[in-house]
Amino acid sequence: MKGPTSWRWLLKKQYFLFDGIVCGAKMKQLPFMGVVCTVMLFIIYRTTNYQHQQTEMDSRSNPFYTSKYIGEDTTGLNSLPRGIIEAKSDLDLKPLWTTSSSKSQINVRSSSNLLAMPVGIKQKQNVDTIVQKFLPENFTIILFHYDGNVNGWSDLEWSREAVHIVAHNQTKWWFAKRFLHPAVVSIYDYIFLWDEDLGVKNFHPGRYLEIVKSEGLEISQPALDPNSTGIHHRITVRKRTKIFHRRVYDYRGSTKCLDDSEGPPCTGFVEGMAPVFSKSAWQCAWHLIQNDLVHGWGMDIKLGYCAQGDPTKKVGVVDSEYVVHQSIQTLGGPSATKVSKLEDTKVKRHTVDVRSEIRRQSTIELQKFKERWERAVDEDKKWVDPFPLTRKRKLRRNNKRNFSKV
C-alpha cells in the first residue's frame with residue numbers, strides 16, 4: 001500500500017516543483033515586461049511629440065495651409081494629396097524656359113527680402129537711387145505705379161527684373177492690401193514698405209538688417225535725419241550717438257513722453273513712411289489694414305499689437321542707418337481743374353485742391369479706424385489686451401461710462 005501512495009506523492013511533488021518553476025518564471029518575467037511596457041510607452045510618447053513638433057514646424061514655415069490663416073474652409077483641399085498643395089508664393093520673376101544661364105541665376109538668386117514702393121514718374125530719379133541701394137543685397141523689387149506710367153521706367157537696367165503693378169491714384173496701403181497677401185510674401189524674411197521720397201545717402205540695407213536681427217526688432221524703421229521735412233513724431237528723429245533706440249523722452253507739446261510712458265508715440269512706434277516688417281509681423285499687420293481705409297491713418301498707433309511680443313522691445317528705430325524724408329507729395333497730382341458742361345454750352349470751372357481733399361479724406365478715415373477698433377474691442381469678449389497701459393485706460397473709460405449712467 002505504501003508503494004502506490006508514495007508514487008502518487010512523488011508525482012504530486014514533481015508537479016508542484018514544476019508548477020513552482022513556472023510560477024517563478026512568471027514572477028521573474030514581470031519586471032521584464034514592465035521594462036518593455038515602459039520602453040514602448042516612451043517610444044509612443046517620443047513619436048507623438050515628434051509628430052506634434054513637425055506639425056508646429058510645418059505651420060510656421062507654411063502657416064497658410066490651415067483655415068486659421070487662409071480665412072476659408074480648407075475642406076475643399078481634401079481631394080488633393082497634402083504633398084502637392086503649394087500654399088505660398090513669391091514675387092520673383094521666372095523665365096519662360098530654362099537654359100544653362102537661367103539655371104545658374106535661379107540657383108544663385110533666392111531673394112529673402114522684399115522692397116515695395118508706390119511710385120510716380122516724377123520721382124523716377126530718386127526711386128532709381130533707392131533701388132540701386134537694395135539690388136546688391138539681393139532684394140526683390142516691386143513697384144506700385146499710381147500714375148499709370150510704366151513705359152517711362154523701361155530705360156533703367158533693373159526695370160525688367162522688377163515687378164510692376166499699375167492702378168491709377170491708389171495709395172501704398174491699397175496696393176499692399178491687394179498684392180502683398182501674407183501667403184504671397186511668406187518666402188521673404190523682411191518686407192520694406194517704403195515711400196518714394198526718401199533720401200538714402202546714409203542708408204545701407206545690409207547693415208540695417210544686421211542690427212534689426214541682432215536686436216530682435218520685428219517692426220522697425222530707419223531714423224529720420226533731423227533736417228527732414230514732415231517730421232510728426234520725435235521718436236523717429238535720429239539720435240546721433242546711438243545705433244538704435246526704442247523710446248523717446250519729450251516734455252514738449254500736448255503728448256509728453258515721460259519715464260512712465262509705455263505706449264505710442266513714446267515707445268513701440270514707427271511711422272508709415274518707411275516701415276520694415278518681419279514675416280510674422282507682416283502677417284499680423286496685413287490683417288490690420290482695413291480694405292476700404294486706403295490712407296492708413298491711425299494704423300501706425302496700433303502696429304505694436306503686431307510686434308510678436310512686447311512692443312517696447314520688439315519695435316525700434318535704427319539710428320546708424322538713417323534716411324531723409326523729403327515729404328514730396330505727388331499722389332493725386334497737383335490741384336486740378338474740373339470742367340462740367342451745362343446745357344446752354346456755358347462752361348463752369350472750379351479748382352479742386354487735391355492735397356486738401358486727400359487730407360480731409362484721411363482725417364475721416366482716421367476717425368472710422370478708431371471707431372472700428374473700439375467696436376471690435378467691445379464686441380470681442382474673449383480678447384485680452386496684452387498691454388497693461390491700454391487695459392488701465394479701458395478700465396477707466398468703462399468706469400466713466402458706468403458712472404455717467406448712474
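A polar contact is a pair of N or O atoms within 3.5 Å; within protein, one must be able to donate a hydrogen and the other to accept it, and residues adjacent in sequence count only if both atoms are side-chain atoms. Keep that in mind for Ser261, where a polar atom of the side chain lies 2.7 Å from the backbone nitrogen of Leu258.

Before going on, a word about what you're looking at. This is a predicted model, in which local features need pLDDT of at least 70 and side-chain atom pairs count only at pLDDT 80 or more, while totals for chains, interfaces and linings use all residues. Residues are numbered from 1 along each chain as its sequence is written, and side-chain values use heavy atoms, with hydrogens and water left out.

Now back to Ser261. You'll find it in the loop between strand S7 (244-245) and strand S8 (276-278). Helices (H or I, at least four residues) and strands (E, at least two) are DSSP runs, numbered from the N terminus. Ser261 counts as buried because its relative accessibility is 14%; buried means under 20% relative accessible area, exposed over 50%, and partly exposed in between (1.4 Å probe, protein chains only). Skipping residues up to four places away in sequence, Ser261 touches Arg247, Lys256, Cys266 and Thr267, where contact means heavy atoms within 4.5 Å.

Let's zoom out. The protein has 12 helices and 11 strands, and 35% of its 406 residues are buried. Take the contacts with a separation of 6 or more: 71% of them join residues 24 or more positions apart.

Next, the inside. A nonpolar core is a set of buried Ala, Val, Leu, Ile, Met, Phe, Trp, Tyr and Cys residues joined through side-chain atoms within 4.5 Å. The largest one here has 37 residues, and Ile142, Leu180, Ile219 and Trp282 touch the most other members. Helix H8 (279-288) is among the elements that supply at least two residues, and H8 gives the largest share, 5 residues. Apart from this core lies another, of 32 residues, including Trp158 and Leu224.

How many of the residues of H5 are buried? The count is 6 of 8, so the helix is mostly covered. Trp173 and Phe175 are among the buried ones, and what covers them includes S1, S2, S3, S4, H8 and H9.

On a 1 Å grid over the protein atoms alone, a cavity is a set of points where a 1.4 Å probe fits but cannot get out, and a pocket is an open set with protein on both sides within 12 Å along at least five of seven lines; lining residues have an atom within 4 Å of a point. The largest pocket has a volume of about 1,400 Å³. It is lined by 40 residues, with Asp195, His232, His295, Trp297 and Ser362 nearest its centre. H5, helix H9 (299-302) and helix H11 (354-379) each give two or more residues to this lining, and H11 gives the most, with 9 residues.

The largest cavity has a volume of about 60 Å³. Among the residues lining this cavity are Trp173, Trp297 and Phe369.

Terms used: Grid points are joined across faces, edges and corners, and a volume is the space filled by probe spheres set on the points.
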